[in-house]
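This report describes the fold and selected packing contacts of one protein model. The sequence and structure are shown first.

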Amino acid sequence: MSYLRFEKALMTNLEEALPRELLRTNRSGAYSCSTIVDCNTRKYHGLLVVPIPELDDENHVLLSSLDVTVIQHGAEFNLGLHKYQGNNYSPKGHKYIREFDCDKVPTTLYRVGGVVLKKEVVFQHYEDRILIRYTLEDAHSETTLRFRPFLAFRSVRQFTHENSVASREYHLVDHGIKTCMYAGYPDLYMQFSKKNEFIFQPDWYRGVEYPKEQERGYASNEDLYVPGYFEMKIKKGESIVFAASTSSIKASGLKKLFDEEVAARSPRDNFFHCLVNAAHQFHNRSKNDDRYLLAGYPWFKCRARDTFISLPGLTLAIEEQEYFELVMKTAEKGLRDYMKGKPVSVKIYEMEQPDVPLWCIWAIQQYARECGDDKCFKMYGKLVRDIVEFIEKGKHPNLTVEANGLVRTEGKDRAVTWMNSTANGRPVVPRTGFVVEFNALWYNALKFCSKLAKMNNDEKAVAHLDEMAAKVKESFVETFLNDYGYLFDYVDGNMMDWSVRPNMIFAVALDYSPLSQEQKKSVLDICTRELLTPKGLRSLSPKSGGYNPMYVGPQTQRDYAYHQGTAWPWLGGFYMEACLKLYKRTRISFVERQMVGYEDEMMLNCLGTIPEMSDGNPPFRARGGMSFAMNVAEILRTLNMLEKYTYNR
């Protein structure tokens, strides 16, 4: 029995099938995404979605979908599915699906009378090319296949509508055609492994509707252009490979290429392997060979904070140290540009956020844990020291070391922490002054830097760093610890934020904590009682004012809920680390049970990955982006920690 497998009963029930999405990526920024019944429900969905840097910094949907029609004895059976206005679905091809399997490559089995057709899909690594193989498993009479491509040629942020500007021109290429709807876009090549006939029959399919956009309060309708259709006969046992790409390929090599791509795929046959597969989907290799980590799908870019928080879990936790080093090489280039006051020369956004250098040191610290202190010192010792000096000397424009040793940031007018939602141009959560996780990270960074200096026999640096850390430790407890046994979220002069938020968990989870054992236990207990859910930690306690756990409705409504009670799996990773550090092996079974809540996500939303967040109240419905790097990373890191604690039992 396959791990990710669904039978006819689920596939033909749109209420069950449409929330389940499927994501394929090429590790260079392009992706293919839809629901498991191939009905697009987001404007971000598409069979071929690619970045076009010549136009802008967004992805663009070139090929929205491909409808396949089975023809026997003159009767046509369209296997496609689209939603139109008025809750109308057409042509309802999902009713022919007998089973869906996503173990190695997504595979759909259709049955139309005596015809059994299998469809398998892969996205070629590092090429903007989607490959689909159709195999006629069974047929009792002559069978013809017709393929009708639906074209969009638009940004994922926009919609396309019927217009007179779109070019209808096409050119024949090897076993297919190439076409381009608008100037500035690349040609779209649609080719088959078998000779076929292309019938030019241009038309617009009007009023295609995307319900996910409706839910989010956005416009949700568009028109898609169909230039015509391809048609060919197929024999029982025969396979035909379709390729859609921004470049031409030799049609005779498509079958071999498909086999090679399938062979390169690892199975998604359990929870861990699904997460590893998801981790690889965040990989992003640029044309100049820089390596990045995307923050998530479908709308996220490479962001600095997300990169450093995700990096250990997405690489070290699955024994891929080399990719850690490749990404860190790119990220270090950008961070050093920023510290020198130069324009950032790499495609990583938000490098200016004040906690970014502190998260960089945390990521390097995880490298030391997995790869050894000596190797870490050799690779990154100078970078760690340079970051600490950069902060200590007040060179960061929004992170200053105050007289009490703590770092201060200004966040009243602009969101500067991971809780970055804004409404009407202002932060929803204006965290400013002494921010709790910034200072937990600062203390941790000083102690780790001292450890590396000790390895270098730099006694003067060790003494200085330890003196600074001691001052931070004393001030941290004095500033943040309140009489109720938890930590203020931020303190700005006489203003103390009493909200119970998860950011205090970092002071317990980090390797170097300014808190005593009893203080750590008290903080952890309150996080357990008020913030813990099966999907991670809530961003705000239900007992705190402003609790808003349901991430639904129009953009402004969602902005006010984004960090006001929603549950985040990546925070749960640090919570689990805190549990294991404080209570060791006695909490192994508890952490294992918590993992069950995450494993449920493998089959409920975007298959084999973890969504951005969940509602903070039952049933903890998944919300936001379909796949989120920090969440996948921290669950992988938790599984890695579990294995070590279990092994050392």
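## Conventions

Two strands are said to pair if DSSP finds at least two bridges between them. Helices (H or I, at least four residues) and strands (E, at least two) are DSSP runs, numbered from the N terminus.

The model is predicted, so that local features need pLDDT of at least 70 and side-chain atom pairs count only at pLDDT 80 or more, whereas totals for chains, interfaces and linings use all residues. Residues are numbered from 1 along each chain as its sequence is written, and side-chain values use heavy atoms, with hydrogens and water left out.

## Overall dimensions

The protein chain contains 18 helices and 35 strands. Its C-alpha trace spans about 85 × 50 × 45 Å along the principal axes.

The radius of gyration is 26 Å, which agrees with the value near 26 Å for a compact globule of 649 residues. This radius is taken over C-alpha atoms, and the globule rule is 2.2 Å times the number of residues to the power 0.38.

## The open sheet

An open sheet is formed by 9 strands in the order β1-β9-β10-β11-β12-β19-β16-β15-β14, with antiparallel pairing. At its edges lie β1 (5-7) and β14 (170-173), each of which pairs on one side only. Neighbouring strands are turned by 15 degrees against each other on average, direction ignored.

Within the sheet, β11 (residues 115-123) and β12 (residues 129-138) run antiparallel and are joined by 8 bridges. Lysine 118 stands opposite threonine 135 in β12. Helix α4 (residues 254-263) lies across β11, β12, β16 (188-192) and β19 (239-245), at about 100 degrees to β12. Axes are lines fitted to C-alpha atoms, for helices over the stretch in contact, and angles run from 0 to 180 degrees between N-to-C directions.

## Helix pairs

Helices α6 (residues 304-314) and α7 (residues 321-339) pack at about 165 degrees, with their axes 10 Å apart. The pair is therefore roughly antiparallel, a term for angles over 145 degrees. In the contact (heavy atoms within 4.5 Å), Thr307, Phe308, Leu311 and Pro312 of α6 meet Phe324, Val327, Met328 and Ala331 of α7. These residues divide into 7 nonpolar, 1 polar and no charged; Ala, Val, Leu, Ile, Met, Phe, Trp, Tyr, Cys and Pro count as nonpolar, Asp, Glu, Lys and Arg as charged, and the others, Gly among them, as polar.

The axes of α15 (residues 569-583) and α16 (residues 588-599) come within 10 Å and cross at roughly 170 degrees, which makes α15 roughly antiparallel to α16. Residues in this contact include Tyr575 and Met576 of α15 and Phe590 and Val591 of α16. The contact comprises 10 nonpolar, 2 polar and no charged residues.

Methods. Angles under 35 degrees count as roughly parallel, over 145 as roughly antiparallel, 65 to 115 as roughly perpendicular and the rest as oblique.
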